Amino acid sequence: MGIETGVAWRELRAHFEHVAELQLSQMFADDPQRAEVFSLEEQGLFLDYAKNRITRESIDLLIKLANEAELPAAISDMFAGKKINKTEGRAVLHTALRAPKSSRIELDGVDVVSQVHAVLDNMAEFSEAVRSGQWLGFTGKPVRNVINIGIGGSDLGPSMACEALRTYSQRNLNIQFVSNVDASDFAEAVQGLNADETLFIVCSKTFTTDETLTNARTARAWLLDQLVDGDAVAKHFVAVSTNTDEVQAFGIDPQNIFGFWDWVGGRYSLCSSVGLALMVSVGSTNFRAMLSGFHAMDEHFRTAPLEKNMPVLLALLGIWYNNFFAAETHAILPYDHYLKLFPAYFQQGDMESNGKYIDKSGAAVTVQTGPIVWGQAGTNGQHAFYQLLHQGTKLVPADFIGFAQSHNPIADHHDKLMANFFAQTQALAFGKSSQALADEGVDEALVPHKTFVGNRPTNTLMAEKLTPFVLGQLIALYEHKIFTQGVIWNVFSFDQWGVELGKSLAVEIFQQLESGDASKAKVDASTAQLMDRYLSTRKSR
């Protein structure tokens, strides 16, 4: 049976028919306490969700839906280390990565928190050696360039966080990220760099990920082209991996392997040794402050009642629009330049988690699941896609993220940024009527074109400043929102089998491309035609 057969879902469907056409302008006029009622603060992070097409009854019914899905029990199971990633037989304990040292979380009778902090201490020691100039390369020079080689969660998390916390970084270190198997990514990253001042961090749990290993081998060849001696590899490469044998075979000193665990999913691994490049950039103190922010939101999610639970409320609002208003996308719009990679990070976090058409029983789902997540930093987006948000035919719920203080308080820049931040949510919610335009004397022919119907829903998240602690809060907020939606949709949010087929086919096709003869490739006629064209037009290597 699908979730739409439950009592709460049926009641929500009936309720939707009554509220679907309600206008935000009227709802605010009817309820003077609306802004206060539909807002929530948690350790300095403020959520205003009043500009949503909801009533108090809407929230009550959505909470009922969460209870029917047994969300509190699911939250408890995750934090307790139960193997809720059932298709892979694994626990889901990324929350243990940011638990205080005094905590104890057991998995199969073993305390994992002590293991986590042992790795964090090793990371801190290594990071300080690089930051202080004590780590010397093969020719005796300190490191000036650090290049993280990974893909997916081993790239998006640390690269996003390094950009987000750039003002906390050590500026004499050049931190870069290489992920794409396209050689241009690597070539541009090392352009103008000296190998004897460059350190590579190879992030791959299994040390078998094709894109990562291809880039790592190219990096090793680039290094040895300049330094010649094979012993140089041990001074210029470290690894984040669980596959010690393969790492050593690559030439990396086993003392420079930073491990993690199979209960850490890739897109949830920033707080593990996958965040090594971030710790090198901002230092262990700031890294641990970020972990504290994660933990604060973890505890809020674990203990707060559902009706006052920030991740749960965001999740339920997302379900309201996805499943009842038929909105297929969700925009994340940070009004802070340092968060420009945040939408891309949660594009993976959300779409790889809940982009599923099979439920936990193995049957096809009967409702829409994960939305298409996208976004861009303001105010650039205003001159790109906001036209569609305001006057397009598609309903796009959006999260606006802003801060009261700027890291760069130059002239009136921040006030102008935040003026746009506030104005956009107001314009989206309340629009501008044709009558108001007529009263202003706007040409009658132009009135339809200048009318804004409004009633476009938004959430607003605000904090005092983008700090490591606040970044941790924000990331954990969205992680738990995604988990909550997966529970209600009854899908497994912690596997990603959908990425496997294309990868396995690529291995077979690559062999045919390398042979220069695609005639034996087991592919369709269209793909065969494209492969033939590629082979006939590529230049010999």
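**Exercise 1. In which order do the six strands of the open sheet stand, and what is the pairing?**

Start with the ground rules. The model is predicted; local features need pLDDT of at least 70, side-chain atom pairs count only at pLDDT 80 or more, and totals for chains, interfaces and linings use all residues. Residues are numbered from 1 along each chain as its sequence is written, and side-chain values use heavy atoms, without hydrogens and water.

Step 1. Strands (E, at least two residues) and helices (H or I, at least four) are DSSP runs, numbered from the N terminus. Two strands pair if DSSP finds at least two bridges between them.

Step 2. Read the order: β1-β2-β13-β12-β10-β11, with mixed pairing.

Step 3. Find the edges. β1 (39-42) and β11 (372-374) each have a single partner strand, so one side of each has no neighbour in the sheet.

Step 4. From one strand to the next, it averages 15°. Axes here are lines fitted to C-alpha atoms, for helices over the stretch in contact; angles run from 0 to 180 degrees between N-to-C directions.

**Exercise 2. Describe how β1 is joined to β2, and find the helix that packs on the sheet.**

Step 1. β1 and β2 (residues 45-48) run antiparallel, joined by four bridges.

Step 2. Pick one residue. Leu40 has Leu47 of β2 as its bridge partner.

Step 3. Look for the helix. α14 (residues 310-324) packs on the sheet and touches β1, β2 and β13 (458-463). Contact means heavy atoms within 4.5 Å. The direction of α14 makes about 145° with that of β1.

**Exercise 3. Classify the aromatic pairs Trp9 with Phe324 and Phe342 with Tyr478.**

Step 1. Rings of Phe, Tyr and Trp (its six-membered ring) pair if their centres lie within 6.5 Å; planes under 30 degrees apart are stacked, over 60 edge-to-face, the rest tilted. The whole structure holds 33 aromatic pairs.

Step 2. Trp9 and Phe324 have centres 4.9 Å apart and planes at 35°, a tilted pair. Trp9 lies in α1 (residues 7-19) and Phe324 in α14, so the pair ties together parts 315 residues apart in sequence.

Step 3. Check burial (buried: under 20% relative accessible area; exposed: over 50%; partly exposed: in between; 1.4 Å probe, protein chains only). Trp9 is buried at 4%. Phe324 is buried at 5%.

Step 4. Phe342 and Tyr478 are edge-to-face: 5.5 Å centre to centre, 75° between the planes. Phe342 is in α15 (residues 342-354) and Tyr478 in α20, so this pair links parts 136 residues apart in sequence. Phe342 is buried at 0%. Tyr478 is buried at 2%.

Step 5. Note one aromatic cluster as well: Tyr335, Trp374, Phe385, Tyr386, Phe400, Phe421 and Phe422.

**Exercise 4. Is Glu479 buried or exposed, and which residues does Glu479 touch?**

Step 1. Locate Glu479: helix α20 (residues 468-489).

Step 2. Its relative accessibility is 3%, so Glu479 counts as buried.

Step 3. List the contacts, leaving out residues up to four places away in sequence: His94, Arg98, Tyr268, Phe294, Tyr345 and Phe346.

**Exercise 5. Compare the span of helix α22 with the expected value, then inspect its start.**

Step 1. α22 (residues 525-537) has 13 residues. The expected span is 1.5 Å times one less than the number of residues.

Step 2. From first C-alpha to last, α22 reaches 18 Å, close to the 18 Å expected.

Step 3. At the start, a side-chain oxygen of Asp524 comes within 3.0 Å of the backbone nitrogen of Ser526.

Conventions
A polar contact is a pair of N or O atoms within 3.5 Å; within protein, one must be able to donate a hydrogen and the other to accept it, and residues adjacent in sequence count only if both atoms are side-chain atoms.
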